[in-house]
Each structure stands twice: as C-alpha cells, then as structure tokens.
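Okay, thanks for coming, everyone. Let me put the structure up and then walk you through a few parts of it.

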Amino acid sequence: MNTEPDHTGQDHAGQDFEIFLVAAPGLESVLCAEAVDRGFANPTAVKGGVTVTGGWPEVWRANLELRGATRVLARIASFRAFHLAQLDKRARRVPWAQILRADVPVRVEASCKGSRIYHAGAAAQRIERAIAEELGAPIVKAAPKPTGKNAAKSAAKDAPEEDTRAVQIAVQIKARIDDDLCTISVDSSGESLHKRGHKEAVNKAPMRETLAALFLRQCGYDGREPVPVVDPMCGSGTFVIEAAEIAAGLKPGRSRSFAFEQLANFDPAVWRSLRGDGTATAPAVRFYGSDRDAGAIAMSRANAERAGVSAWTDFAHHAISDLTPPEGPPGLVIVNPPYGARIGEGKSLIPLYHAMGQTLKTRFAGWRVGIVTNEAALAKATELPFKEGGVSVSNGGIRVTLYQTDPLP
C-alpha cells in the first residue's frame, strides 16, 4: 500500500488502484495462485488475503470469477490521520459522488490499531458525517449491542425489522487506521462470496464453497486435466459441485447479485459483457459423491441441479465401505469427514476414519487423497501416507488441516 500522506482526491474512473481479495487465513498463497491464473495484475499474497491492481471492471471480474476469495474490497483512498479533525477533513476530500449513490444507504465500519486515533466508533462517525454532508447519502448504523442479563430481550425489542432490511441493502465502507494510516475501502461484494446462489440445502458441518475451491486447488485440481473427483462423504455436495463447475468453466458468481451494482460507477453494459452467456463446456470426466445419509444425497442432487452441473455429477447412497472407484483414469478423492468437535466425539470417529483409509488403500491405487479434519489422531487412523506440512485453516470456528497424499501405491 502506498503510504504517501494523502491519496484522497483520486478519480478512479479510468485509473488503476489497489484491490484487496479477502482469503481464509492460511490460504492466501493458494488464492494468489488463482489470481495469477485469472490474469489479475500484480497479485501479492499478504496477511488475510491478496492484493491486485486494476480498475472497477477488475473489481467486478474478481467477484464474478474468483472461487477462493471471501470478498473483494476496492481501496478508494489512503491518507495519514493523526487526530479526528484531520480524519474528518481528509475524508471529505474522497470523491464520494464518483463512487456512491446519494439514494443508496451507506454503512461505515472502522478499526484502529497502533494509531493516535484509537476510538473506532468515533472514527466511523467522522467518515459517516463526511459522506452524509458531502454526498447526502443516508447512513445506516448497526444497532448498539446491549449489555447485562436482559441483553437478548433488549436486542430483540430495540432492533426493528426496518433497520435490519436497511443494513442488508446498504453499501459498506470499511476504514482501517493502522499506524496512523487510514485506508478506506468499499466492500464491493455484499454477501460473502461463498454464497454462490445455488446451495439452498445444506447438511451438518457444511464446507464453504470458497474454502472447498481453495482446498481443491491446493490438492492440484484446477479443472484443466480430465481428472475425476470423488467425495465419499459428500454432505450437501460442495466439493463435487465445485469441481464440476471448475471443469465446465462456469463462473462462480454467475447466479447472484453484488453490492457494486448499487454504486454510482456501475456500468451495466460492461457487466453484461463480463458475465457472458453462462455457457458451460461439458467436462470429459464425471464427478462423484456418496454418503450414508439419504437426505444428504437428495440435497446434493438438488444443489447440483440448481448449479447446472447435474449432467456431469453422480450421487449415490451408500456407506464408505461400499465405495469403489469409477471407471476411467485415477483422480482425486477429497473428503470433509465428521470432526470430533462438531458431530461426534473424536475417539468414536476413529473406526470410521480407519475404514475410510482401508477402503482407499485397497481400491484406489493411483488416486491422490485429500482429507480435511481437525485432529491429527483422526488423520493418523486412516493409515494413509500423508505428505508433510498440511495447510491449516479455520472452518466454521474449528481449526482444520488438509492432509494430502501423493498417488496411492
């Protein structure tokens, strides 16, 4: 990030600026590799994500095409601010009218770290006032968090439905003040990008699509080679559907809307061109999911149908012990089994992991395996030859590791 004193007066209408792609901590380098593949300029992995440079069409394209990004932040201004009055003055010099619409609600969120401005609420208030007075856009404030033993009752009483709906449609401005440098960004995504718009039905402990995409890439799967993917505990089908979409060349954001569509600089014609007609390329292989839960199989089939990949996916109801490799070349088995901390006790899951390992070792020679779990003891129970140094991330608040093998002997 450029740390010159003031970059508030830029007109980003025809000019490249910094775009921050938020990633699951621990998977920044994997997202960076995806950004390289998708042709984004100057991708650099940093803590919490990846920076690239580009104009607004690149912001839109990042939301549309990147499978591993959690959200896309357009960094519209950066300047030094040593006290609140200076923050107020410099925030007013941001070209808000070129970016925001006066008729769309705005919500401001601020954070402060190692700076002389230390009160995040006061910082957000100064930026809100700058936007309201310079542009005239309505400001949406989050309901204050009640405290004390009646907090839940108070929250329900004091948060009317109208306020909730307003927050949902607001464009969010994020201000980060770090070492006296204020960086102002627009959250161009809105809802988290794992919400593709296809998976209405979910099973227990679902894998987020963004995380699944990065795990697939970490396992070497990018859809370029005709490699089948098998998930023997598929839940709501996330790994299988994501792999099929990648192979078919379908854009992950094709079915949803984004916050940037509410910005003043949004160009519907350019956006239609970026989205294209949604045509898929039929993959040369199929993608397979199975589960011992019949309800999970029904969910997976429905989700695959909504995603437009049902023609290339197969979901079967059976136990892990009945798993057999599909016809064709060896591929990738990737699975997110139950964790000890969420669905069952860790020790009670050891027989399940052992059975899975035995099935894969005896029937899946030549296949690579990726297993996501939260306990090394569970991974060890499979007796599979995992490589050293599995990547570790948080999945739903649980620390999990991706354990990988080379092709099985």
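Helices here are DSSP runs of H or I, at least four residues, and strands are runs of E, at least two, numbered from the N terminus.

Before I go on, this is a predicted model, where local features need pLDDT of at least 70, side-chain atom pairs count only at pLDDT 80 or more, and totals for chains, interfaces and linings use all residues. Residues are numbered from 1 along each chain as its sequence is written, and side-chain values use heavy atoms, with hydrogens and water left out.

Back to H11. Which of its residues are buried? They are Ala296, Ile297, Ser300, Asn303, Ala304 and Ala307, with buried meaning under 20% relative accessible area (1.4 Å probe, protein chains only). Looking down the axis of H11, these buried residues fall within an arc of 130°, taken from the directions from the helix axis to the C-beta atoms, so they line one face of the helix. And what do they pack against? That would be H9, strand E9 (287-291) and strand E10 (313-317).

Now the ends. After H11 comes Gly308, which has a positive phi, near 80°.

Over in strand E9 we find Ser290. Its relative accessibility is 3%, so Ser290 counts as buried. Leaving out residues up to four places away in sequence, Ser290 has contacts (heavy atoms within 4.5 Å) that include Asp231, Cys234, Ile297 and His318.

On to the nonpolar cores, meaning sets of buried Ala, Val, Leu, Ile, Met, Phe, Trp, Tyr and Cys residues joined through side-chain atoms within 4.5 Å. The largest has 94 residues, and Leu21, Trp96, Ile184 and Phe215 touch the most other members. Helix H9 (residues 238-248) gives this core its largest share, eight residues.

Last, confidence: pLDDT is the predictor's confidence in each residue, from 0 to 100. The chain averages 89, and 87% of the residues score at least 70. Residues 145-167 are below 50, though, with seven contacts in the model beyond near neighbours in sequence. Where pLDDT is low, the predicted coordinates should not be read in detail.

Conventions. Buried < 20%, exposed > 50% of the residue type's maximum accessible area, 1.4 Å probe, protein only.
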